[in-house]
Amino acid sequence: MGGNQTWITQVTLLGFQVEPTLECFLFGLFSVFYAFTLLGNGVILGIICLDPRLHTPMYFFLSHLAIVDMSYASNNVPKMLANLVNQRTISFVPCLMQTFLYLAFAVTECLILVVMSYDRYVAICHPLHYAVIMSWRVCTILAAASWVFSFLLALVHLVLLLRLPFCGPHKINHFFCEILSVLKLACADTRLNQVVIFAACVFILVGPLCWVLASYTRILLAILRIQSGEGRRKAFSTCSSHLCVVGLFFGSAIVMYMAPQSRHPEEQQKVLSLFYSLFNPMLNPLIYSLRNAEVKGALGRALRKERLS
């Protein structure tokens, strides 16, 4: 590294470059969204823990999804809100930690969604063997493996980042330390990092999405063979909720990380980042509660019990 290069100790997040009045409006709006994210996912998690009828593999994985969504939003949104009130600087080490956690939670959410689709596939296509295939031991292993693998993969990206010299510019044109934006601060060749990011996207996004689509094709065929109208409606309701969540998450992530960067200006990338940083975690509990009769029933029972007490 040349003698005129200095290591970065602090960076400035440029955030949303809009008028001050619009910044105040966005601060209020995103604060409400963040509160709804924590409240909605917290309620889902609480209902699943408290209602014995929801102690099934499907809701076990949904509880993990709620934890991931709260963690994911809490990693990104507070800094975004601070950015909107002109607290734009962040030390470089916390910035790298935010990148690490962002990747870890994003991959965890992806894998949990895949595991949930496998759970629905077994429940609908192999109902007689469901209790054996999706035993609590298997569910625990699948959930733990999703978390451990995600953090290991994020660690790989972090190690590849740490090998680079960062010497400027000292500005990140984003509202949090997103990995592609952080790479632009490096004063060395980042092709290896970009190749690893693309390969991880193929492995974590494209492969699992193909698996989910194949699973749901078989699920759809199985649902159409169900004789009971009530059984068919219940199966469709559960699966459509999951497909909505999968579509929102995988769609925004694939467009962000696998489409050519030249097609997405930096301001457009910030909007895409909002989808999986704030909107998806907020919408997930709404989708599952509004479209799921069991969750609505459990919420109703909890409210009645609270009223009686």
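Side-chain pairs and confidence

Biologist: With which residue does Arg 120 form a salt bridge?
Modeller: A salt bridge is a side-chain nitrogen of Lys or Arg within 4 Å of a carboxyl oxygen of Asp or Glu. Here the closest N and O atoms are 2.9 Å apart, and the partner of Arg 120 is Asp 119.

Biologist: What is the mean pLDDT of the protein chain?
Modeller: This is a predicted model, where local features need pLDDT of at least 70 and side-chain atom pairs count only at pLDDT 80 or more, while totals for chains, interfaces and linings use all residues. Residues are numbered from 1 along each chain as its sequence is written, and side-chain values use heavy atoms, with hydrogens and water left out. pLDDT is the predictor's confidence in each residue, from 0 to 100. In the protein chain 90% of the residues reach 70 or more, and the mean is 85.

Biologist: In which helix of the protein chain is confidence lowest?
Modeller: Helices (H or I, at least four residues) and strands (E, at least two) are DSSP runs, numbered from the N terminus. Confidence is highest in helix 5 (residues 136-162), at 96. At the other end, with a mean of 70, is helix 10 (residues 293-308).

Biologist: Are Arg 120 and Asp 119 buried or exposed?
Modeller: Buried means under 20% relative accessible area, exposed over 50% and partly exposed in between (1.4 Å probe, protein chains only). Arg 120 has 13% and Asp 119 has 1%. Since both values fall under the limit, Arg 120 and Asp 119 count as buried.

Biologist: How far apart in sequence are the parts tied together by Arg 88 and Glu 23?
Modeller: These two residues form a salt bridge, with the closest N and O atoms 2.7 Å apart. Arg 88 is in the loop between helix 2 (57-84) and strand 2 (89-91), whereas Glu 23 is in helix 1 (residues 20-50), so the separation of the tied parts is 65 residues.

Biologist: What is the relative accessible area of Arg 191?
Modeller: Arg 191 forms a salt bridge with Asp 189. Asp 189 is partly exposed, at 42%. Arg 191 is exposed, at 59%.

Biologist: Which handedness does the disulfide of Cys 95 and Cys 177 have?
Modeller: A disulfide is a pair of cysteine sulfur atoms within 2.5 Å, and Cys 95 and Cys 177 are joined at an S to S distance of 2.0 Å. Cys 95 lies in helix 3 (residues 92-125) and Cys 177 in the loop between strand 3 (171-172) and helix 6 (179-183), 82 residues apart. The torsion about the S-S bond is about -120 degrees, so the disulfide is left-handed.

Biologist: How are the rings of Tyr 121 and Trp 211 arranged?
Modeller: Rings of Phe, Tyr and Trp (its six-membered ring) pair if their centres lie within 6.5 Å; planes under 30 degrees apart count as stacked, over 60 as edge-to-face and the rest as tilted. The structure holds 16 such aromatic pairs. For Tyr 121 and Trp 211 the centres are 6.4 Å apart and the planes at 65 degrees, so the pair is edge-to-face.

Biologist: Which helix holds Trp 211?
Modeller: Tyr 121 lies in helix 3, and the pair ties together parts 90 residues apart in sequence. Trp 211 is in helix 7 (residues 191-224).
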